[in-house]
Amino acid sequence: MDTKKKNSKRPGFDTPVEKPAKKLAPWQSGLIGLGIVAGVYLILRILISTGVIGAYYQGILHGIFIDIIAALGLNLITGITGQFSLGHAGFMAIGAYTSAYVVLHTSGSMVSILGGILLGAVLAGVLGLLVGIPTLRLKGDYLAIATLGLGEIIRIFIQNTDQQVLGGSAGLTGYGVYAAATSPAGFELVFFGAVITFVVIRNMVKSSHGRACIAVREDEIASESMGVNLTKVKISAFVVGTFFAGLAGGLYTGYTGIIQPKSFDFMQSIEFLMIVVLGGLGNIWGTLIAAAALGVLNMFLQSFAEIRMIIYALLLVIIMLIKAGETPFFVKLRGLFKWSKWNLPFVHRKTEVE
Amino acid sequence: MSFEEFLQQLINGVSIGSIYALAALGYTMVYGIIKLINFAHGDILMVGAYVGYACIVVLHMPFLLAMVVAVAVCGLLGVAIEKVAYRPLRHAPRITVLITAIGVSFLLEYVMMALVGAESKAYPDGSFGNGQLSVAGLSINTQQLYVVAVTIIMMIALQYIIKRTKIGKAMRAVSSDADAAQLMGISVDKTISFTFLLGSALAAVAGVMMGAMYTINPLMGMQPGLKAFIAAVFGGIGSIPGAMLGGILLGLIETLVTAVGFSAYKDLAAFVILILVLLIRPCGILGKNVREKV
C-alpha cells in the first residue's frame with residue numbers, strides 16, 4: 001500500500017503541503033519601507049504646501065504623530081512586554097520640560113531644538129532605567145499602581161519647583177513653537193520622529209529581543225526557565241518605552257508653546273493607554289490606526305469634553321468585554337457578524353490563559 | 001510645634017484617616033476575594049456623596065436617613081458594576097480586568113459630570129453638625145468626632161459580619177480558595193456580589209461624610225480613591241485590620257507633613273509611602289507573604 005492511499009483516510013494528511021511564502025531579504029523589505037515612508041511624506045508635504053491640509057488640520061495631524069510616538073513606547077512596555085504602566089505621561093513631562101529648558105536657555109536654533117529634544121528623551125530613558133530597576137520587580141496591578149504613583153510624583157514635583165526655573169503650576173512658555181503647524185520644519189520634526197519611533201519599535205519586536213519580550217508577557221516563569229533574563233528584558237523595554245515618551249514630550253513642547261504640569265497628569269497616561277488598547281495590545285500597526293482614529297474623534301468632540309470621556313470609558317469597557325468574549329451579548333454579536341474572519345486590528349483575540 | 005498643636009494635628013489626622021480607612025476596606029475586601037484593584041471604588045464614594053447631597057438638599061431628609069439612602073444606592077451600584085463589567089472577565093488576564101475597572105471609573109465620573117455639571121457643590125451648613133468642643137485647650141470639631149465614631153461603628157459591624165455570620169464565613173472561604181469553596185456548596189457569584197455590596201456601602205458612608213466636611217464634585221473620588229488604595233497596600237492588601245491601620249496611619253502622616261510646612265507635598269507623601277512599601281514590604285504591615293506557585 002502506498003503511503004498516499006493510507007494517509008488519505010486520515011484527515012489532514014491529504015492536504016498538499018503549502019509552499020512557504022517567499023520571504024523578502026532584509027534589504028528588499030527595507031527598501032519597500034523606505035519607499036512607503038518617502039511616498040507618505042511627499043504626499044503629506046505636497047498637501048500641506050499647497051494648502052489642501054490647512055493649518056488647523058495640520059495641527060491635528062501633528063497631535064496624532066506625537067500621540068503615536070508616546071503610544072508606541074507604551075505599547076512596547078504594556079502591550080508587548082506585558083508590564084502595565086500608568087505613569088507614561090510623567091516620563092513625557094521629563095522630556096517636555098528638559099527640551100523647553102534647553103531651548104529657552106540656548107540660541108533656539110535648530111541644533112539646540114534637536115539637542116533639547118534628544119536630551120529630553122535620553123533623560124526620560126535614564127529616569128526609566130533608575131525607577132525601572134526597583135519597580136519592575138513588582139507584578140501586574142502592583143506595578144500599575146507604582147507607575148501611577150511615579151507619574152504623579154513627577155508631576156507634583158514639577159508643580160512645586162521654583163517659578164523661575166520650571167514655571168511651577170503656571171507652566172513654562174516663551175521658548176517658541178518649533179513643532180507646530182506654523183513653524184518652518186515643524187511637520188518634518190513630528191513626522192520623522194514618528195517614523196523613527198515606528199522603525200525602532202518594529203525592528204525591536206521582530207528581533208530576538210522582541211520575542212523575549214513576548215515570551216515574558218505570555219509566561220514569566222516559563223520564559224525564565226528557557227533562559228530569558230527577565231530583569232534585562234523588562235528594563236530594556238521600559239527604558240526604550242520611556243525614551244520615546246520623552247521624545248513625544250519634547251515634540252509636544254514645541255507643538256503647544258506652553259507646558260503645564262497638569263497636561264501630564266494621570267488622564268494623559270490613560271489617553272495613551274486608550275490608544276494602545278484600542279489598537280490591540282501588542283499590535284504596533286493597530287497603535288497607528290487607533291491614534292489616528294482617536295485624533296479624528298477628538299477633533300469632532302473638542303467642545304464636548306464630557307461626551308468624549310464617556311465614549312472613551314465605554315470603549316475601554318466594551319473592548320475588554322469583547323476581547324474576553326464571555327458576555328452573552330457580545331458572544332451573540334460576534335456570531336452575528338462573524339468578525340473572527342475579518343481580523344480587525346482592534347480585536348486582538350489571542351486566547352490568553354493566566 | 002507646641003504639644004497642643006501636635007495633638008490637634010493628631011485629631012485631624014485620625015479623622016481624615018478614618019475616611020481613608022472606610023474606603024480602603026472596600027478595596028481590600030474586593031482585592032482579597034477576586035484579586036482586582038477596583039479603580040471604580042473611589043467613584044462609588046463620589047456617587048454616594050452626590051446621592052447624600054440630593055437627599056438632603058432636594059428631598060430635605062435628615063443626615064442619617066440620607067446616608068442610609070446613599071448606602072443602599074451605592075451598594076446596588078457596586079453589585080451592578082460587578083455583574084456587568086467584572087463578572088464576564090473573571091477568568092481573563094488581570095490586565096484586562098484592570099483596564100475595565102479604569103473604564104468603569106471614568107464612566108462614572110463623566111456620566112455624573114454630564115448629569116450635574118463639573119462645578120463644586122457644598123452640603124448645606126450644619127447638616128453634619130458643625131459645633132466646636134473645647135477639651136483641655138484643644139478645639140475639636142464635632143464633625144471629626146462623628147467621623148471617627150461612625151468609622152468605629154462600621155468597623156465593628158464589619159468585623160461582626162465577617163467573623164460571626166454565615167455569609168462572612170463564605171467570604172473568607174472564597175477569598176482563600178474559590179474553587180474549593182464552590183465544591184463545598186458555596187455560591188461564589190453570590191459571595192462576590194455581597195462583597196461588592198459591603199465595600200460599596202462603606203464607600204458611600206465615607207463619601208457622604210467627606211461631602212459634608214468638604215465640597216463635592218464629579219472628580220472628587222479620584223484622590224481619596226488612590227489614597228484609600230495606598231492605605232490598603234500600606235496596611236497589607238486583603239487584610240481588614242490592615243486597611244484600618246493603613247488608613248489611619250496615612251491620614252496621620254499626611255496631616256503631619258502638612259503641619260511641618262510641606263502642604264504642597266502632601267499628596268507626594270502618599271505616593272512615596274506607596275512605592276517604599278511596595279519595594280520594602282509588598283505584603284504591607286499586616287499582610288501575609290504569599291509565595292507564587294508555579
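A:Ile196 lies in helix α8 of chain A, where helices (H or I, at least four residues) and strands (E, at least two) are DSSP runs numbered from the N terminus. This is a predicted model, in which local features need pLDDT of at least 70, side-chain atom pairs count only at pLDDT 80 or more, and totals for chains, interfaces and linings use all residues. Residues are numbered from 1 along each chain as its sequence is written, while chains are lettered from A and ligands numbered from 1 in the order in which they are written.

Is A:Ile196 buried, partly exposed or exposed? A:Ile196 is partly exposed, because 13 other C-beta atoms lie within 10 Å; a residue is buried with 20 or more such atoms, exposed with 12 or fewer, and partly exposed in between, C-beta atoms being placed from the backbone. From A:Ile196 to A:Met309 there are 113 residues in sequence and 31 Å in space, C-alpha to C-alpha.

Let us turn to the packing of this helix. Helix α8 (residues 186-206) of chain A packs with helix α11 (residues 230-256) of chain A at an angle of about 175 degrees, and their axes are 11 Å apart. Axes here are lines fitted to C-alpha atoms, for helices over the stretch in contact, and angles run from 0 to 180 degrees between N-to-C directions. The angle therefore makes α8(A) roughly antiparallel to α11(A), a term for angles over 145 degrees. In this pairing, α8(A) contributes A:Leu189, A:Val190, A:Gly193, A:Thr197 and A:Met204, and α11(A) contributes A:Val240, A:Phe244, A:Leu247, A:Leu251 and A:Gly254. Two residues are in contact if their C-beta atoms, placed from the backbone, lie within 7 Å.

A:Ile69 touches residues from this region. Leaving aside neighbours within four places in sequence, its contacts include A:Gly193, A:Thr197, A:Phe244, A:Leu247 and A:Leu251. In the largest nonpolar core, of 193 residues, A:Ile69, A:Leu251 and B:Leu274 touch the most other members. Such a core is a set of buried Ala, Val, Leu, Ile, Met, Phe, Trp, Tyr and Cys residues joined through C-beta atoms within 7 Å.

I now consider chain A as a whole. Chain A has 15 helices and two strands, and 43% of its 354 residues count as buried.

Finally, the two chains meet in a contact that takes 34 residues from chain B and 33 from chain A. On the side of chain B that touches chain A, α4(B) gives the largest share, 15 residues. As for confidence, the model scores ipTM 0.83 and pTM 0.83.

Conventions:
Parallel < 35°, antiparallel > 145°, perpendicular 65-115°, else oblique.
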